[in-house]
Amino acid sequence: MPPMVNRQDIVYAFGMNRHVPLDRKLAVLQEHDTHRKWYSLDDERVCILCERRITGRMIDIWETRKGVFHLHCPTPGCDSVPRDWFYHGVPRQASVKVLRSQAPIIEFGGAAAA
Ligand SMILES: [Zn+2]
């Protein structure tokens, strides 16, 4: 009997959680992902646990009745947390543009440039 009680408590607790709607996701991500900056829900990250490319839009966010947010990777069974979501590609930095415009164009054996 005691195990049943515990199990029901867990089900009850989950039942009270609310899925955070899309229009609140960005604000929650910006506040709770303290490791990286989110500029939009279309920002891409790579989850290092399941090696999947994810966007803010795809991230599963739940709010408990105590107002605690839980951020989950959209991959079923993946236990990653925001710390495990790395930038995909080149991070947005002003220096990237400067490098591009100032870098000399190197041609290898006269290969045609695009
Ligand atoms: Zn994952």
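Which residue in E4 is the bridge partner of His-19? The structure is a predicted model, in which local features require pLDDT of at least 70 and side-chain atom pairs count only at pLDDT 80 or more, whereas totals for chains, interfaces and linings use all residues. Residues are numbered from 1 along each chain as its sequence is written.

The bridge partner of His-19 in E4 is Trp-62. Strands are DSSP runs (E, at least two residues) numbered from the N terminus, and two strands pair if DSSP finds at least two bridges between them. Strand E4 (residues 60-63) is joined to E1 by 2 bridges, and the two run antiparallel. Both belong to an open sheet of 3 strands with antiparallel pairing in the order E1-E4-E5. Strand E1 (18-19) and strand E5 (69-72) each have a single partner strand, so one side of each is left without a neighbour in the sheet.

A further open sheet of 3 strands, also antiparallel, has the order E3-E2-E6. Its edge strands, E3 (53-55) and E6 (85-87), each pair on one side only. Strand E2 (residues 44-47) pairs with E6 over 3 bridges in the antiparallel sense, and Cys-47 stands opposite Trp-85 in E6.

Cys-47 and Trp-85 also belong to the largest nonpolar core, which has 7 residues, the others being Leu-29, Trp-38, Ile-54, Ile-59 and Cys-73. Such a core is a set of buried Ala, Val, Leu, Ile, Met, Phe, Trp, Tyr and Cys residues joined through C-beta atoms within 7 Å; buried denotes 20 or more other C-beta atoms within 10 Å of a residue's own, with C-beta atoms placed from the backbone.

Methods:
Helix = DSSP H or I, 4+ residues; strand = E, 2+ residues; numbered from the N terminus. Buried ≥ 20, exposed ≤ 12 C-beta atoms within 10 Å, placed from the backbone.
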